[in-house]
Structures are given as C-alpha cells and as structure tokens.
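Subject: Structure handover

Hello,

Here is the structure I promised to pass on. Please open it alongside this note, which goes through what turned up.

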Amino acid sequence: MVSRASISLLLALLSFPAHAGNSLSCQKEPEGVLRCGNQVLACSRPPQPSSSCLGGGSFDNSLGGLEWTVDRGESWRQFYPFASRMKKQSSIKYLTVHYTGEPRRPVSIEQKLQVLFRFSAYYYSCTEPRKIALWGDVPYNFYVDVHGNVAKGRDVNCQDDTNTAYDPAGHLSVVVEATLNDRIPDDQTGRLYGTLRALQLKYGIPLSRVGVHHDFGETQCPGPEITRLVRTYVQMTKQGCLQNKLRGAICN
C-alpha cells in the first residue's frame, strides 16, 4: 500500500509539462532529473541499467506464461527504473496481495502507473522535500485495476519497497486498485484470481504461501474484502474448482 500522499497529489503530477519554459531556471541533476523552479521533472530516459537485479537476475522476468492475464504488460513505461536503488531478489517464496489504498480515479492503468512511478522515483517539489528515500521503481510487481486490466510493474528480480514494517525479501507482489472497504467488481476479482494462479505456476509458489500484506506485518492492507477474496482463492484452488469459477460456473 502506498499511503504517503493522496491520489489527488499523484494525479496532479500528470499535468507536469514535457519541458521547462524559458522563464524558469533549470538545472540538470543525476539520473535523468531536471529541476525547474519548484518542480522536478524527468527530462530524459536514463541509460538502460546493467544491474544484478535488472536484466540479469535468476528469475524469468518475461511475460511468458502470463500473456493471457497480464494484458497490458509494461506499455505504461516512459523511463527505465533506477537499478542502484533496488536490492536483488534472491528467492521467490511468497505471493502477496496488497491494495493501493486510494480512491479509484477515471484514468487509464497506464496513467496510474506512470504517476506511481514518478511519485516513487522522483522528487516532486523543492519546497516539500521527501522524508524517505526515493525508490527505484513502482513498489509492486503486478497491478490489477478496477476494470480487471493487469500491468507488469517492478522486475521480479528486484525486491519490493515498502513504507511499512514488512520485509519484502522473497515476496512476489500483486496490488489491487481499491481502498479499505471497496467492493471488488467481478472483472477485477476474476483477473486477480487468474493472475495469482498464473504466477503460482510460473514461479512454483505453493498455495500455503499465497497471502496478504497483513499476514507479514502490522498493517490493514489489503483490507477485509480483498483478504476474503484471497482466502477464497486459496480454498477454491485446494478444492480444484478455481477453473469453474474463472469460467463463471458454480464452485461448490
């Protein structure tokens, strides 16, 4: 869950100009950052990183085996992640579900992830310095939006980042677009279930290690509704009737 700023602030970042006007004094900073007045922008794509957790890790970061559920891939990306800010993932033991914790907004999944990336990886104001370190990328591996679209986020070879008391080492993360008590639409539920199953099969994660954020730390994330859905997913998979559910059939 990203709880460091309201969604209104994140969405305001979408209005950042593509380039700075002549009236502002601008200074280029490391890693593709351009500081202009009280705004800090991404002015260019940083060079393709060569890091042990990006492009050369132990785990298959491709969409192979996931094409049928991760329908949006990484089409949202405008900038490369910052490899130097991320730790290598040495194992994938758990499949853990989070929620965004912010009200849903009528913008595309690509826009939502672009905003989340800017918020996670860039300073957004010179007058309001961040109180925590910048992250190298969006903090989740996969994102399921309210319409059931799924996009790929952080490389699975890199550990997630978190602002909660939770050790992300060994966790593959899926985030669901929802607040604490939102009802999860059927399309979003079905795609969440399909994504969890595809990830389980691809990375060999046992059903006993499919859980939610608050299983591993003191947090409300992902709330009672998503927690119920994940527990239901585990039970249906044990009973062997998940495929019936995904086809809209009755799962007794």
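This is a predicted model: local features need pLDDT of at least 70, side-chain atom pairs count only at pLDDT 80 or more; totals for chains, interfaces and linings use all residues.

Two strands count as paired if DSSP finds at least two bridges between them.

E4 and E7 belong to an open sheet of five strands. Its order is E6-E5-E7-E4-E8, and the pairing is mixed. Which strands form the edges? E6 and E8 do, since each pairs on one side only. On average, neighbouring strands are turned by 25° against each other, direction ignored. For a place to look, find His98, which stands opposite Val175 in E7. Helix H3 packs on this sheet. H3 touches E4, E5, E6, E7 and E8, and its direction makes about 170° with that of E7.

**The cores**

The largest nonpolar core has 34 residues. Which of them touch the most other members? They are Leu95, Phe142, Leu172, Val174, Leu199, Ile226 and Tyr233. The elements giving two or more residues to this core are E4, strand E5 (142-144), E7, helix H3 (186-203), strand E8 (210-212) and helix H4 (223-239). A second core of 14 residues is separate, and includes Phe82, Ile109, Ala121 and Tyr143. As a general point, nonpolar side chains tend to be buried together in soluble globular proteins.

Tyr233 deserves a click. Setting aside its neighbours within four places in sequence, Tyr233 is in contact with Tyr193, Leu196, Arg197, Gln200, Leu207, Val210 and Leu242.

**Helix H2**

H2 covers residues 109-121, which makes 13 residues. From its first C-alpha to its last, H2 reaches 18 Å, close to the 18 Å expected at 1.5 Å a residue. Is H2 enclosed or open? Buried here means under 20% relative accessible area. By that cut-off, 11 of the 13 residues of H2 are buried, so the helix is largely enclosed by the rest of the structure. Among the buried ones are Ile109, Leu113, Leu116, Phe117 and Phe119. Glu110, Lys112 and Gln114 are buried too.

**The cysteines**

How many disulfides does the structure hold? It holds one. Cys53 and Cys158 form it, with their sulfur atoms 2.3 Å apart. The torsion about the S-S bond is about 90°, so this disulfide is right-handed. Cys53 lies in the loop between strand E3 (39-42) and strand E4 (94-99), and Cys158 in the loop between strand E6 (150-152) and strand E7 (171-176), so the pair ties together parts that are 105 residues apart in sequence. Cys53 is buried, at 1% relative accessible area. Cys158 also counts as buried, at 1% relative accessibility. Look at Cys221 as well: it is buried, with a relative accessible area of 0%.

**Ser58**

The loop between E3 and E4 also holds Ser58. Is Ser58 buried or exposed? At 56% relative accessibility, Ser58 counts as exposed. Not counting residues up to four places away in sequence, Ser58 touches Lys88 and Asn157. Ser58 and Asn157 are 99 residues apart in sequence, yet 6.7 Å apart in space, C-alpha to C-alpha.

Over to you.

Best wishes

How values were computed: Residues are numbered from 1 along each chain as its sequence is written. Side-chain values use heavy atoms; hydrogens and water are left out. A disulfide is a pair of cysteine sulfur atoms within 2.5 Å. Helices (H or I, at least four residues) and strands (E, at least two) are DSSP runs, numbered from the N terminus. Buried means under 20% relative accessible area, exposed over 50%, partly exposed in between (1.4 Å probe, protein chains only). Contact means heavy atoms within 4.5 Å. A nonpolar core is a set of buried Ala, Val, Leu, Ile, Met, Phe, Trp, Tyr and Cys residues joined through side-chain atoms within 4.5 Å. The expected span of a helix is 1.5 Å times one less than its number of residues. Axes are lines fitted to C-alpha atoms, for helices over the stretch in contact, and angles run from 0 to 180 degrees between N-to-C directions.
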